[in-house]
Structure formats: C-alpha cells, structure tokens
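Me: Could you walk me through this structure one feature at a time? I'd like the general idea, then the case at hand.

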Amino acid sequence: MKFFLLLSVIGFCWAQYAPHTKTGRTSIVHLFEWRWFDIALECERYLAPKGFGGVQISPPNENVVITDPSRPWWERYQPVSYKLCTRSGNESEFKDMVTRCNNVGVRIYVDAVINHMTGSGVSAGTSSTCGSYFNPGTRDFPAVPYSGWDFNDGKCKTGNGEFKSYNVAYQVRDCRLLGLLDLALEKDYVRSTIAEYLNRLIDIGVAGFRIDACKHMWPGDIKAILDKLHNLNTSWFPEGSRPFIYQEVIDLGGETITSSEYFGNGLVTEFKYGAKLGTVLRKWSGEKMAYLKNWGEGWGFMPSDRALVFVDNHDNQRGHGAGGASILTFWDARLYKMGVGFMLAHPYGFTRVMSSYHWPRYFENGKDVNDWIGPPNNNGVIKEVTINPDTTCGNGWVCEHRWRQIRNMVIFRNVVNGQPFTNWWDNGSNQVAFGRGNKGFIVFNNDDWALSATLQTGLPAGTYCDVISGDKIGANCTGIEINVSCDGNAYFSISNSAEDPFIAIHTESKL
C-alpha cells in the first residue's frame with residue numbers, strides 16, 4: 001500500500017510536465033492568430049497526418065478592441081473578461097475545434113493571460129470582442145467580475161504603480177507591466193476566478209496551458225491556481241491526467257528572477273535557445289556550428305526535461321521579448337530552416353514550431369515600426385487560411401509548419417524519439433553532422449565552401465531519401481538519394497550555395 005501511495009504522489013507531482021501528445025508525436029505548433037474553424041480543419045487535413053502532437057492557440061478569452069492602431073496583435077493580451085469570444089471565434093466554434101482536434105489526436109494548448117487585465121490608455125465602455133462593459137479607471141470588470149479589491153495597486157510601492165527595475169523582484173511581480181492592471185493573485189477569490197476559467201477550458205477538452213508573463217507572477221501564486229485545476233476530460237485523456245503546463249519566463253541571465261524558480265509548476269520557455277542558435281548560424285561574435293557539440297545544458301541552458309524550446313516566437317520574431325536581432329525568423333528563410341532543422345533533430349527540450357503571418361515590414365532607426373500589425377483581415381475580421389496547390393498557405397499566412405523542410409523534420413523527430421545523440425562530426429568550422437542512435441542522421445554546411453565527406457551515420461545499409469530536398473513517395477524519392485554502406489558510412493556532398501544546405505535521413509525514409 002505504501003508503495004502504491006508513493007507512486008501516486010510521484011505521478012501527480014510529475015503530471016504537469018506531460019504534454020499528452022499521442023504516442024509517437026513529439027512536437028507542437030503555434031498557429032498564431034488563426035481562427036478556431038481553420039485550426040480544426042488544419043488538425044484534420046494536415047497536422048494529424050503529418051505527426052504534429054498539438055497546437056498552441058491564441059488567447060480565447062474576451063479582450064479589448066484597439067482601434068488606434070487598428071486591431072494590433074497585442075490586443076489579445078489585454079483581457080476584459082473570461083468569456084470565450086474573440087476574433088478567432090465564439091464559444092461554440094471553440095468547442096468544435098477542441099473536439100475535432102482531439103478526435104484526430106492533436107491536442108490544444110491555450111495561451112492563458114492571467115497576470116493582468118487591460119489597463120491605462122484604454123477608455124471605459126463596451127469596445128471589446130464580446131461587447132462586455134469594462135472601466136480600467138475604476139478597476140471595474142463586471143463580466144468577470146473584478147473590482148478595485150482584486151488588483152495590486154496598493155501593494156506596489158513605486159509611486160506610479162509601474163515596475164521600474166527587473167532587478168527588484170517584488171516590483172516585477174506586484175506592479176503593472178506596461179500599464180496593464182496587475183491582478184492580486186495572492187487573494188483566493190482571484191485565484192478561484194482564474195481557476196474557474198481554466199477549468200471551463202479543461203472540461204471542454206484542452207490538454208494544457210502556455211501561461212503568459214509568468215515572470216510577473218510569484219511562483220507560489222501560480223502553483224495555488226494550478227492546484228485548483230480539474231483533471232483532463234476523460235473523453236480523450238486517461239483518468240487522473242493533469243493539464244500540461246509551460247510557463248513564459250524570459251531569462252537570458254543577469255536578472256534577479258530566474259527560470260529555475262518556476263520548474264516546480266511545469267516546463268519553462270528557454271529563451272536562450274533561439275537567441276544563441278541564431279547567433280551561431282549567423283556566425284556572429286566568432287561563433288561556429290562546431291561549438292554546438294555540447295548544445296543544451298552545456299551552453300548554460302536549463303535541464304532538458306524542463307525546457308520548452310523554439311527558434312522564434314510571436315514576440316521575438318517582431319523584435320519584442322528576448323533575443324534581439326540574432327533571432328531567426330521566416331524572413332531569413334534559408335537560415336531559419338537550418339535552425340528549425342537543428343532544433344528538431346537535436347534531443348534537447350520539448351519543441352514548438354512557429355507558424356506566422358506576413359506583415360509589411362518598415363524600419364526606422366533599426367526598428368520595425370509595423371511590428372504591431374495584426375493578422376490578415378478584412379475590416380478587422382481575420383481572413384481564412386487558404387491552401388495553395390503546392391500545399392503552402394495563401395491570404396497572407398506564412399505557415400512555416402507546412403514548409404517541406406520543417407514538416408519533414410517534425411516527422412524526423414518522431415522517428416528518432418528516445419534515441420541517443422551519436423556520431424558527432426565537425427570540420428572545426430560550420431560543417432557539422434550528428435546521428436540519433438540507429439534511426440536518423442543529419443548533416444549541415446553553413447560554411448562558405450562546399451562540404452564533401454564520408455561520415456558514419458549509424459544507420460542500417462541501404463538507400464535513403466533526403467527529406468530536406470524531397471519526399472519519399474512510395475518506392476521513389478523526389479530529392480537527393482543517400483547510399484549507406486554495410487559499415488554505416490555514407491558520402492555527403494552539400495554545396496555552400498544550396499537552397500537548403502543540409503541533408504537529413506531516417507529509417508522511415510529508406511527506399
């Protein structure tokens with residue numbers, strides 16, 4: 001009996017780290033600002049067949065409608081209530097999406113904005129996505145309801161209510177972020193109200209949450225809310241399953257608040273990952289791909305089993321958040337595909353792929369002044385995600401997750417899951433290769449000269465289809481073919497001017 005109880009306690013304590021993806025699916029995708037109807041379709045027609053494990057969606061709760069500038073993306077991060085009513089769709093459309101995605105084994109993770117409500121600079125009224133009345137000036141949000149008692153105004157000691165220094169922990173957590181009204185999360189009413197919102201989503205069938213702005217909340221307050229959450233819906237999840245939690249904590253080092261303070265609540269976003277990988281692939285500051293041999297904890301990152309990793313996200317692809325100019329995005333398509341390919345091949349962390357939309361970039365003094373622009377829309381109504389004959393997206397949607405090179409590397413990661421990091425090779429510069437046990441092998445050439453080398457792949461003998469340059473279709477390959485000899489060696493040739501200067505093969509791409 002004692003042994004059973006111990007196992008039960010261990011299982012409960014570790015449950016929030018499990019993403020509940022279907023067996024064999026190892027990556028999720030952020031479909032940023034998509035409509036619920038389009039996400040449901042994408043789960044059925046593409047994500048499930050291509051082995052994606054889940055979708056991070058934009059915040060589903062009612063938010064303020066910003067008209068100056070006209071409907072920026074960041075209005076989604078200014079809550080008015082917890083009604084399920086946004087530009088992405090209403091509550092019935094949300095429920096339909098969750099059901100349809102779960103039915104094909106693709107999980108839904110909600111971007112949960114629970115640190116604050118909308119704040120200064122926003123006028124009282126009903127200019128919100130559901131039409132609910134709110135008054136930031138009087139701290140009145142009757143659709144929740146919240147009142148002046150539910151905010152941290154009296155707790156913040158900076159005078160104007162705004163935090164002034166990232167090196168003063170209580171300011172970061174008890175004062176306002178960019179004028180947004182900071183909720184008093186130590187109060188049980190506030191905790192219970194937030195938990196009630198999250199529990200509605202769990203009961204509908206979501207698998208977990210990306211919790212926004214965690215650095216601005218005390219870890220103990222977050223835990224108190226998580227402790228109030230229901231188990232997952234048994235229509236799709238085993239009895240007793242707990243919601244998957246990953247927390248947005250920007251920690252590049254040098255600040256008082258650290259990522260490790262949040263490990264007990266769930267996974268944490270490793271922002272150093274994309275910032276460092278971008279620096280290496282851009283070859284800035286003398287960095288070389290050869291230095292990636294001890295990538296992960298060896299680079300000062302958090303433990304792999306606590307890390308949610310990504311090359312870019314919706315913030316830093318616009319210059320917000322963390323990482324600065326080193327961050328690789330779809331605007332740098334050649335390097336970006338290499339970066340995402342490396343991330344999906346390497347065993348470190350739990351991987352999230354970004355899926356974006358275009359906006360007209362315009363720079364003044366090195367800053368993109370159009371970084372605020374919201375998703376493709378007609379007079380504020382989000383446009384449909386259309387699919388072109390070549391399976392890419394139209395209507396202004398980028399859909400990096402549909403790029404052959406990225407989609408095939410998601411499959412690569414599924415195939416090599418659980419295999420060790422093996423057979424590292426480098427030329428001392430920017431040509432590197434590594435394997436994943438006897439399941440997969442990948443080679444990169446980021447030098448200014450051609451790569452030509454015979455390398456030990458660790459794979460069984462045979463002819464393999466390179467899943468970067470093409471696809472295995474039946475018994476044929478539409479791209480480069482690689483021959484692995486009986487001793488596991490194979491010859492690789494990659495031009496430095498290749499459109500995609502890397503090659504990836506795995507056991508399921510064997511012809």
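Reply: Let's start with a cluster in which ring pairs link Tyr273, Trp295, Trp299, Phe301, Phe342, Tyr348, Phe421, Trp424, Phe434, Phe444 and Phe502. Rings of Phe, Tyr and Trp (its six-membered ring) pair if their centres lie within 6.5 Å; planes under 30 degrees apart count as stacked, over 60 as edge-to-face and the rest as tilted.

Me: What should I know about the model and the numbering?

Reply: The model is predicted, so local features need pLDDT of at least 70 and side-chain atom pairs count only at pLDDT 80 or more, while totals for chains, interfaces and linings use all residues. Residues are numbered from 1 along each chain as its sequence is written, and side-chain values use heavy atoms, with hydrogens and water left out.

Me: How many aromatic pairs does a search of the whole structure find?

Reply: A pair of aromatic rings is described by the distance of the centres and the angle of the planes. The search of the whole structure gives 37 aromatic pairs. Take Trp331 and Trp359: this pair is edge-to-face, at 5.5 Å centre to centre with 85° between the planes. Trp331 sits in the loop between strand E9 (307–309) and helix H8 (333–345), and Trp359 in the loop between strand E10 (350–355) and strand E11 (363–364), so the pair ties together parts 28 residues apart in sequence. Helices (H or I, at least four residues) and strands (E, at least two) are DSSP runs, numbered from the N terminus.

Me: Is Trp359 buried or exposed?

Reply: Buried means under 20% relative accessible area, exposed over 50%, and partly exposed in between (1.4 Å probe, protein chains only). Trp359 has 3% relative accessibility, so it counts as buried.

Now look at a stacked pair: Phe444 and Phe502 are 5.3 Å apart centre to centre, with 10° between the planes. Phe444 is in strand E17 (residues 440–445) and Phe502 in strand E24 (residues 502–506), so this pair links distant parts of the chain, 58 residues apart. Phe444 is buried at 0% relative accessibility, and Phe502 is buried too, with a relative accessible area of 1%.

Me: Which ring does the charged end of Arg352 sit over?

Reply: A charge sits over a ring if NZ of Lys or CZ of Arg is within 6 Å of the ring centre and within 35 degrees of the ring normal. The charged end of Arg352 is over the ring of Phe310, 4.6 Å from its centre.

Me: How many cavities of 30 Å³ or more does a search of the whole structure find?

Reply: Rolling a probe the size of a water molecule over the atoms shows where empty space is left. On a 1 Å grid over the protein atoms alone, a cavity is a set of points where a 1.4 Å probe fits but cannot get out, and a pocket is an open set with protein on both sides within 12 Å along at least five of seven lines; lining residues have an atom within 4 Å of a point. Grid points are joined across faces, edges and corners, and a volume is the space filled by probe spheres set on the points. Here the search finds three cavities of 30 Å³ or more. The largest cavity holds about 40 Å³ of space. Of its 14 lining residues, Asn152, Arg173, Leu183, Leu185 and Asp221 are the closest to its centre.

Me: And how much space lies in the largest pocket?

Reply: About 790 Å³. Of the 27 residues lining the largest pocket, Leu177, Leu178, Leu180, Asp315 and His320 are the closest to its centre.
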